[in-house]
Amino acid sequence: MTVYDNTASSRQLAAHWLTATGVLMSASSIHRCLLHRVLRARVPLNRIPLMANHRRLHLQWAHEYRAWQADWPQVVFSDESRFNLWNHDGRIRVRRYANERCLPECAIERHSGLTPGIMVWAAILYHGRSNLLRKLMQDNARPQVAKNVRDFCSAQHMELLPWPVYSPDMSPIEHVWDLDGRCLARVPSPAASKDELLLRIQEIWNSLPQTDIQNLFDSCHVV
């Protein structure tokens, strides 16, 4: 039998097997067979749906800057991120091997929902980080390319890095958000309010080892 749905549970796989072969096999037997092959059910990779033009621009950017040599300790990465009061993934898991996390069939595309949560902003440097701030403005502006922001950067002699759209995983700070999210998920009880959630995120942000951030900067040197 060919497994055509990586999100199928052991019970569903047992039903598929019965339909395809006429042989009854229990869900627990299916589960043991999968574990024997080290094919475990894992949390799927969530990614933003990309159009063909987005992929083309990403590839074009990679070709243009793959040999770019930058003084990474002088670069500042800033970004905003959303944290929800509770996490919920619908208990969806995908069966895959350890090195298959980024395969298209092992990822689930989803857009950000409007679940209760907060937006925060911060910046990372090789030898430090900014304070983590709660983002108050909720509008459709594009702050990264707003004229007043570009004028300010120009006045401060700050050079802006070219960046393709819909490419969050290319910025080291996105992986810092991931580290924060994992630490937050290990807290046994959910935050009772948005203010409490902010305090938890700030505590995690402040306690994150600087060496973890430096390792992300150092990975930018890999071509």
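Author: Happy to! One term to begin with: two strands pair if DSSP finds at least two bridges between them. Please keep in mind that this is a predicted model.

Reader: Thanks! How many bridges join strand β3 to β6?

Author: Strand β3 covers residues 77–84 and runs antiparallel to β6. Within this pair, D79 stands opposite A122 of β6. The number of bridges joining β3 to β6 is eight.

Reader: Which residue in β8 does W121 stand opposite?

Author: Strand β8 spans residues 133–134, and its pairing with β6 is antiparallel, over two bridges. The residue of β8 that stands opposite W121 is L133.

Reader: Why is β6 largely enclosed by the rest of the structure?

Author: Buried here means under 20% relative accessible area. Strand β6 runs over residues 117–125, nine residues in total. It is largely enclosed because the number of its residues that are buried is seven.

Reader: Stepping back, what percentage of the residues in the protein is buried?

Author: The protein has seven helices and eight strands. Its accessible surface is about 15700 Å², with 56% belonging to carbon and sulfur atoms. Of the 223 residues in the protein, the buried ones make up 27%.

How values were computed: Residues numbered from 1 in each chain as written. Predicted model: local features only at pLDDT ≥ 70, side-chain atom pairs only at ≥ 80, totals over all residues. Heavy atoms only, no water. Buried < 20%, exposed > 50% of the residue type's maximum accessible area, 1.4 Å probe, protein only. Helix = DSSP H or I, 4+ residues; strand = E, 2+ residues; numbered from the N terminus. Areas by Shrake-Rupley, 256 points an atom, 1.4 Å probe, with all protein chains shown as cover.
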